[in-house]
Amino acid sequence: MKTIKILFFSSLVVLFAACNSNSNNLSSSKLNSKDTVQMSSKQPIVMIYNFHLTNRCPTCRAIEAAARKTLDTYFKTEVKEGRIKFSVLNVDDKTNAKISEKYQAAGSGLFVTRFFQGKELTKDFTEDGFSYARNDEAKFVEMLKLQITEYLK
């Protein structure tokens, strides 16, 4: 019985480590010339980056689903206009190595970034996603909606 408990708790630690990433808030910085987002001086562009590992846990899937729900429910026009872009990126895919490194995403992560007038500002929603996407989706959707609305100003 003791062995089973040890294995169970070890599995939980491994799962959490695999599905979590560095959740520090990122501050504003200048863009590199190789960044893929075209900057506009007239209106901000909001990028939502959803990072994940190849093997995804239910919470990782719930974070993506809640982010998509937020965009589909509140921001269809902005997505259609290209003012909001949503990218789902596998950190295990070598083609995503540079952007994964930029956002310090070694596992699951959700970042909302505002590109405007040559600057970017990022809010890390990873911790909020793990806290609410599965257990209180409405709260997570509302938090994400408020952040996106703020970044579109």
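User: Where does Y103 lie?
Analyst: The model is predicted, so local features need pLDDT of at least 70 and side-chain atom pairs count only at pLDDT 80 or more, while totals for chains, interfaces and linings use all residues. Residues are numbered from 1 along each chain as its sequence is written, and side-chain values use heavy atoms, with hydrogens and water left out. Helices (H or I, at least four residues) and strands (E, at least two) are DSSP runs numbered from the N terminus. On that numbering, Y103 lies in the loop between α4 (97-102) and β4 (109-116).

User: Is Y103 buried or exposed?
Analyst: Buried means under 20% relative accessible area, exposed over 50%, and partly exposed in between, with a 1.4 Å probe and protein chains only. The relative accessibility of Y103 is 2%, so Y103 counts as buried.

User: With which side chain does the side chain of Y103 make a polar contact?
Analyst: A polar contact is a pair of N or O atoms within 3.5 Å; within protein, one must be able to donate a hydrogen and the other to accept it, and residues adjacent in sequence count only if both atoms are side-chain atoms. For the side chain of Y103, the pair is at 2.9 Å, and the partner is the side chain of T113.

User: How many Å apart in space are P44 and I84, C-alpha to C-alpha?
Analyst: P44 is in the loop between β1 (29-30) and β2 (45-52), and at 3% relative accessibility it counts as buried. Contact means heavy atoms within 4.5 Å; leaving aside residues up to four places away in sequence, P44 touches R83, R114, F115, F116, Y151, L152 and K153. P44 and I84 are 40 residues apart in sequence, and their C-alpha to C-alpha distance is 8.9 Å.

User: What distance separates the end C-alpha atoms of α6?
Analyst: The expected span of a helix is 1.5 Å times one less than its number of residues. Helix α6 (residues 137-152) has 16 residues and should therefore span 22 Å; its end C-alpha atoms agree with this, being apart by 22 Å.

User: Within what arc do the buried residues of α6 fall?
Analyst: The buried residues in α6 are F140, V141, L144, Q147, I148, Y151 and L152. Seen down the axis, they line one face of the helix, because they fall within an arc of 135 degrees. The arc is that of the directions from the helix axis to the C-beta atoms. The face turned away from the buried side carries the exposed residues A138 and L146, and the arc asked for is 135 degrees.

User: How many residues apart in sequence are the parts that E137 and K69 tie together?
Analyst: A salt bridge is a side-chain nitrogen of Lys or Arg within 4 Å of a carboxyl oxygen of Asp or Glu. E137 forms one with K69, the closest N and O atoms being 2.8 Å apart. E137 lies in helix α6 and K69 in helix α2 (residues 58-74), so the parts tied together are apart in sequence by 68 residues.

User: What separates E142 and K145 in helix α6?
Analyst: E142 and K145 form a salt bridge, with the closest N and O atoms 3.9 Å apart. E142 counts as partly exposed at 34% relative accessibility, and K145 does so at 22%. They are three residues apart in helix α6, which means a separation of about one helical turn.

User: Which residues do salt bridges that share partners join into one network?
Analyst: A search of the whole structure finds six salt bridges. One of them is between the side chains of E64 and R56, at 2.8 Å, N to O, and both residues are buried. The network joined by shared partners consists of R56, E64 and R68.
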